[in-house]
Amino acid sequence: MNDKNKIITGLIIFIVIITFPFWYNMGKASPVPEPKLTDKAKAAKECVEPKEYMKVEHMQILDIWRDSVVREADRVYINEKGKKFNMSLSTGDDSCMGCHSNKADFCDKCHDYASVRPYCWDCHIEPPKEKK
Amino acid sequence: MLELAIKGGKTYWGWILSLLTIIGIAFIVYLWQLDFGLGITGMSRDVSWGFYIAQFTFLVGVAAGGVMVVLPYYLHDYKAFGRITILGEFLAIAAVVMCLLFIIVDLGQPMRALNVILYPTPGSVLFWDMIVLNVYLLLNVVVGWNVIEAERNNIGYPGWIKVLAIFSIIWAPAIHTVTAFLYCGLPGRGFWLTAILAPRFLASAFAAGPALLILLCLIIRRVTNFDPGREQIQSLAKIVTYAIIINVFFFLCEVFVVFYSRIPSHMDHIKYLFFGLHGHNALVPWMWTSMLFMVTSIILLVNPVTRKNEKVLAFTCVILFIGTWIDKGMGMISGGFVPNPLHHVVEYAPTLPEIIITLGVWATGFLVLTILFKIAVTVKEEVSGV
Amino acid sequence: MKNSRRSFLKLAGISALGLGAKPVLNAFASSDEHGPEIFPNQEALTAKRWAMVIDTRKFESEEDFEPIVAACHKIHNVPKLKEKRHKIDWIWIDDFKHVFTYQEHEFLDDRVKHLPFLVLCNHCEKPACVRACPTRATFKREDGIVLMDFHRCIGCRFCMAACPYGSRSFNFRDPRPFVEEENKEFPTRMKGVVEKCNFCAERLAVGKMPACVEASNGAIVVGDLHDPDSNVRDLLKNNYTIRRKPYLGAGPAIYYIV
């Protein structure tokens, strides 16, 4: 084998490139963001379902809600505790965004951190930005 | 075997590089289309499918046309085609790749393309088209690759390959039939609503595909040391002859039915294409050119003197290819949409970005084709020891 | 209200169609009492088969239609695009010979000849668009309304080729900048999806009549085709009505009194 050096150099370059994201971001990890609640959300104490559940599964709930509203015309959600909710992302004060009207601090913070970009707001009209 | 594709002379790399350049430019334009939306094309509310879907339809035909060398070899044991079946299969691969790309570039939301699998809908012809095209691609990849590898190693290909090859022979008409069903099952589009659409598609496919293959064989003979063979080319030419005659015959059947019955909703589309409607006549010169080319090619193909002269044959294949491309690639789609369901005449013409993206997809297809043919031809050269 | 109660099992079933149903099921598996439930709105207007009757005798000129078209397009955030190619319409007007293609004749009376007719999605009994759609992004509800699920549409435009009435529009570009006055109660669309009249499904669901009906001063009536005592059945019984391209067998649900 005369190509030993070439192969080793190639391998090193390959490993450097493939691990690039790791060492490029080393030490730059940002702290896990905590979503902020609006006063209205704080006062309500609990969301549609318990906080822990919402944290992990809110996208599932949104998906189910979306299908049942759009496809089945069922718009009322009654949770285990018997509380009624209007199934809507952004229409009206009793919608998701009616309570969580601080999209930037509530949604975007974590989504940006996790690098997910839901395209909800390409169509749904986001609540007006809060004035600080 | 892929390594065979990276050993080539200056012309080879020059060709590859120019294809890559076109692909690169087209890709940038495609990124623009992704960002802006399909509004950069000439399509509209009234003509909602355009150049992309037209190319797609035509290329499904080219892909299916590859079967015209595979069938005589595997079913009729026509040994002469053994030399070139691989070319037919590899041409089919390149053509299907282009088809799939044309579908992707035509989607408004390409990121959601997999919804077709996530929510399978057997009632939709598009669902079946997705299946038949992908299976046909797979069949040709598996069969083509195994056959050429066996040839390289000087062994016979395994038995199951023959089973797959025969399966692909049945599958080829299926891809074009399903593609025709996309159009001819739609109510209210008089131009497409005809049972002869699928047969017409197949006839033009079996003319255009082998015609392209003849041209490719002639090019291969010129630029490589492998000769696909005079007999092979002449046999292909006869296939093309029959197919193009049947294609024009089917079209004339359609013309008779439409104009003798005088049903306006069927007549108006053909009137628009060949004579113009309410003063709109953008496609008239194209359609007559197409007819002229197809009829001329019939005359040149039927006459044995002109058919046997390979220079004339090459010319014939070029005009035939262009003729069928206009007929199916431009007329078939625009013709179906003009006039629109409310009988307004809204014309369509592709825009420059649309044409560049189209060229990019063609270039991708030819890149795939070049690489595959390079491999096939190199193996053939190795085996024959030249 | 009949069949309004839908157990959570069905809900889980819906999500099972998609991916990732498991976490949802697991989360509720512990709650043995009764899980969450989903209902239609109590005030929702319902029908076995929605239909519309347009009394064209109550219209005289183009101006009479303006408020109707404007109401629909405003409520649904339908963009006004300057480029003709990119035009989006849910409801619009056209001449008799275009709306009822191949039914006009030379000696048609002047009123009908020059009267504009409203055109919108026909909410067909056997919709060609629904059959063509490869993802069921467009679908027919049990009550006959043909709807679009904009979340699912891949923008293949097969439905536009299939629709024999030209009722569908495609978002050739981002429509947002062209929505003149955003109605915050209804989403806009995004580029690359098809859209059309939705029979105001979002209004029916909260007990409101479709926007065009409200804006029409009684010229447009919607109701239940399967209820012999409904207002639409009454109109159909007492007036001669026509539909667009009935010979195609699509079964349009929009009737015109001429």
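Helices are DSSP runs of H or I with at least four residues, strands are DSSP runs of E with at least two, and both are numbered from the N terminus. Keep that in mind as we go.

A word on the model. It is predicted: local features need pLDDT of at least 70, side-chain atom pairs count only at pLDDT 80 or more, and totals for chains, interfaces and linings use all residues. Residues are numbered from 1 along each chain as its sequence is written, chains are lettered from A and ligands numbered from 1 in the order in which they are written, and side-chain values use heavy atoms, with hydrogens and water left out.

Start in chain A. Where is Ser95(A)? Ser95(A) sits in the loop between strand S2 (84–86) and helix H5 (96–99) of chain A. Is Ser95(A) buried or exposed? Buried means under 20% relative accessible area, exposed over 50%, and partly exposed in between, using a 1.4 Å probe and protein chains only. Ser95(A) has 4% relative accessibility, so it counts as buried. Contact means heavy atoms within 4.5 Å. Not counting residues up to four places away in sequence, Ser95(A) touches Ser88(A), Leu89(A) and Ser90(A). Now look at Met26(A). From Ser95(A), Met26(A) is 69 residues away in sequence and 40 Å away in space, C-alpha to C-alpha.

On to chain B. His176(B) belongs to helix H7 (residues 159–184) of chain B. Its relative accessible area is 0%, so His176(B) is buried. Beyond four places in sequence, the contacts of His176(B) include Thr57(B), Val60(B), Phe201(B) and Lys328(B).

Ser297(B) is in helix H11 (residues 284–302) of chain B. Ser297(B) is buried too, because its relative accessibility is 0%. Which residues does Ser297(B) contact, leaving aside neighbours within four places in sequence? They are Ile244(B), Thr316(B), Ile319(B) and Leu320(B). Phe321(B) lies 24 residues from Ser297(B) along the chain, with 9.6 Å between their C-alpha atoms.

Last, chain C. Two strands pair if DSSP finds at least two bridges between them. Here 4 strands form an open sheet, ordered S9-S2-S11-S10, with mixed pairing. Strand S9 (220–224) and strand S10 (241–242) are the edge strands, each pairing on one side only. Inside chain C, strand S2 (residues 50–55) and strand S11 (residues 254–257) pair in the parallel sense, over 4 bridges. Asp55(C) has Ile257(C) of S11(C) as its bridge partner.

That is the tour.
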